[in-house]
Amino acid sequence: MNNRLKVLRAERNWSQAELALRLDVSRQAVNAIETGKHDPSLPLAFRIARLFDLTIEDVFDDRA
Amino acid sequence: MTEPDELPEDAGFDARAAAIAAVAGIVFLFAAGALTGMLAAAFQEGVRSPLKFAGIAALVVAAMLGCLWVLRRRLGGLWAGPVSPRIRRARLLMAFFLVIGAAIGILLSEFGPVDLWGGSARELSPTLAIAVILVWVVVVPIATIAWWRQIDEHEALAYKDGGFFAANAYATIAPAWWFGWRAGLFPAPDQIAIFLVTMSVWGAVWFVRRFN
């Protein structure tokens, strides 16, 4: 699944570790989501969207 | 240049680094087992040549320190950066499992059915056996449940994937070995060997999924 996580994170000058800290997940989890290797669960997707004040659709796109 | 607390976007699994780390880990365990055996033999039978004993022990300790240095160099970056309290607890529990695993590995190498050091395998005392059993059936399951409650969903998925492959490895190896043994093709199935292969598959898949 495509996502804008890396861009959103870069806009805030957050490292992967900082984002992971805010989401209460590991840095590897953030990296896996950013690179599309892991699709987050719905609860985590909501946490990510809320952290950036966006909707899930603003962050994630399931269209290829 | 990649920031210390940032993994590259296109970071694939570094098979070379993982292989080097795995070799360093195995050498560390063997060296720890050798040192344990040396110390146990020294306590039981005394030391004939203290200078020679100290020299060999120093070499073994140096090898262990070298392995730790390699492990830190190859894998240290994986744990860099700030972490939440939950992830920190998960890491501490994982470190605990590594210590338990190393201790069990040393015991297996010293008292297991196959003596890795070329001598005769010593008998395991009932006291030590009961201590190991208690740790294995009480402490480790409790710590595993505690760890499971702390990890994030990415690691949980890696653990489940590892379990899937491990279960299939066990379901493949155990019956095949048993049939081969019944037909006189193989020696009797070694439960510890099958256990070690199963857990190795589980650990390897978890590691690749977790850090890929």
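Ring pairs join Phe96(B), Phe97(B), Trp147(B), Trp148(B), Tyr159(B) and Trp202(B) into a cluster. Rings of Phe, Tyr and Trp (its six-membered ring) pair if their centres lie within 6.5 Å; planes under 30 degrees apart count as stacked, over 60 as edge-to-face and the rest as tilted. The model is predicted, so local features need pLDDT of at least 70 and side-chain atom pairs count only at pLDDT 80 or more, while totals for chains, interfaces and linings use all residues. Residues are numbered from 1 along each chain as its sequence is written, chains are lettered from A and ligands numbered from 1 in the order in which they are written, and side-chain values use heavy atoms, without hydrogens and water.

Over all chains, the count is 12 aromatic pairs. Trp147(B) belongs to helix H4 (residues 126-150) of chain B and Tyr159(B) to helix H5 (residues 153-182) of chain B, 12 residues apart; helices (H or I, at least four residues) and strands (E, at least two) are DSSP runs, numbered from the N terminus.

Charges also sit over rings, meaning that NZ of Lys or CZ of Arg is within 6 Å of the ring centre and within 35 degrees of the ring normal. Arg182(B) lies over the face of Trp181(B), 5.8 Å from the ring centre. The charged end of Arg210(B) is over the ring of Phe211(B), at 5.0 Å from its centre.
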